[in-house]
Amino acid sequence: MSPPSARLQTKPVITCLKTFLISYSLIFWFTGVILLAVGVWGKVNIEFDLLLKFDKGTNAPYVLIGTGAVIIIFGLFGCFATCRGSPWMLKLYAMFLILVFLAELVAGISGFIFRHEIKAVLQDVYKNAEKSYDGKDTMSDDLDSIQRTLQCCGETNYTSWVNTDYFKKEGIPKSCCNVTAGANCTTTELRNLTLADSVVYQQGCFSLMSITMEGNLGIIAGISFGIAFFQVIGIFLACCLSRYITNNQYEMV
C-alpha cells in the first residue's frame, strides 16, 4: 500500500480539491455580500446615524462595507485562481484569507470589549442631540424618528426635556405623543408635565436604544467570528491545492 503522500499526488485528488475550493470561494463571496449588507444596514440604522452625525460615532459600518466589497472581489479572484490552477495565485488567495481572518477576529473581540464605551458615547451623543433639538434640522428629525419608532420619550423619560431650550418655548416634542393610546397631544398638554404624563410615551429612549444596540452588536460580533473561523477552511484548501499542483506540475487546460 502506497503512503498517504503518494496517494494524494494524483489528478483526481487535485480535481477534488479544486471542486471544494471553488465551492468555498462562492460561499466566501456570499459572506462578503452579507458583510456589505450588514454594513449598509448599520449605516442607515437610526442609532448609528445619530452617532455619525455628531462625529463621535463608530466607523464599524464603513469597515464592514469596505471589508464586504473586498471579500466579494477576492471571492471571485479565488474562483479564478482555482480554475487556472496557478500556485502563486492560490498562495496570494491564502494570504488574503489569513489577513481577513485576523482582521475579523480583532474586530469581533474589539466590538465585545468596547461595547460599554460605545454605550457611553451613545448616551453622550443623545444628550447633546436632545439639548440642541429645535424641531427643524436633520438631527431633530433623527430624534423624532427614534421616539416614534421606539415609542419612547426623552433620554430617561419625558421629564428629560424640561432642561432643554425647546421645552421652554414649545414644550415636549410632538414625536413623544402616545398615538397608540389615541392621544392627541395639544400644545397645552405638551407644555405641562402633569398633563403630559397621560399623553406621552413613558419609557426613556436611551435604555431602549442601548438594548437595541447591544443586540445589534451581538449579531455583528457573531457574524464576524463565524466568518473569521470559516476562513481557516479556505486557507487549508488553498495551501493544499497550491502544494499539490506545484509538486505534480499539474496544468489546467
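**Figure 1. Cys 239 in helix α11 of the predicted model.** Helix α11 spans residues 205-248 and contains Cys 239. With a relative accessible area of 41%, Cys 239 is partly exposed, because this class covers the range between the buried limit of 20% and the exposed limit of 50%. Lys 91 is 148 residues away from Cys 239 along the chain, yet the C-alpha atoms of Cys 239 and Lys 91 are separated by 6.4 Å.

**Figure 2. A nonpolar surface patch to which helix α2 contributes.** Helix α2, which runs over residues 11-44, makes the largest contribution to the nonpolar patch, supplying 3 residues.

**Figure 3. Trp 29 within helix α2.** The relative accessibility of Trp 29 is 32%, so Trp 29 counts as partly exposed.

**Figure 4. Helical architecture and surface of the protein.** The secondary structure consists of 11 helices and 0 strands, and the order along the sequence is α-α-α-α-α-α-α-α-α-α-α. Of the 253 residues in the protein, 41% are buried. Where contacts link residues at least 6 apart in sequence, 74% of them join residues at least 24 apart. The protein has an accessible surface of about 13,300 Å², and carbon and sulfur atoms account for 65% of that surface.

Technical notes:
Residues are numbered from 1 along each chain as its sequence is written. This is a predicted model: local features need pLDDT of at least 70, side-chain atom pairs count only at pLDDT 80 or more; totals for chains, interfaces and linings use all residues. Side-chain values use heavy atoms; hydrogens and water are left out. Patches are made of residues with over 30% relative accessible area and no salt bridge: like charges are joined within 9 Å, nonpolar side chains (Val, Leu, Ile, Met, Phe, Trp, Tyr) within 5 Å. Accessible areas come from the Shrake-Rupley method with a 1.4 Å probe; for residues, only the protein chains shown count as cover. A salt bridge is a side-chain nitrogen of Lys or Arg within 4 Å of a carboxyl oxygen of Asp or Glu. Helices (H or I, at least four residues) and strands (E, at least two) are DSSP runs, numbered from the N terminus. Buried means under 20% relative accessible area, exposed over 50%, partly exposed in between (1.4 Å probe, protein chains only). Contact means heavy atoms within 4.5 Å.
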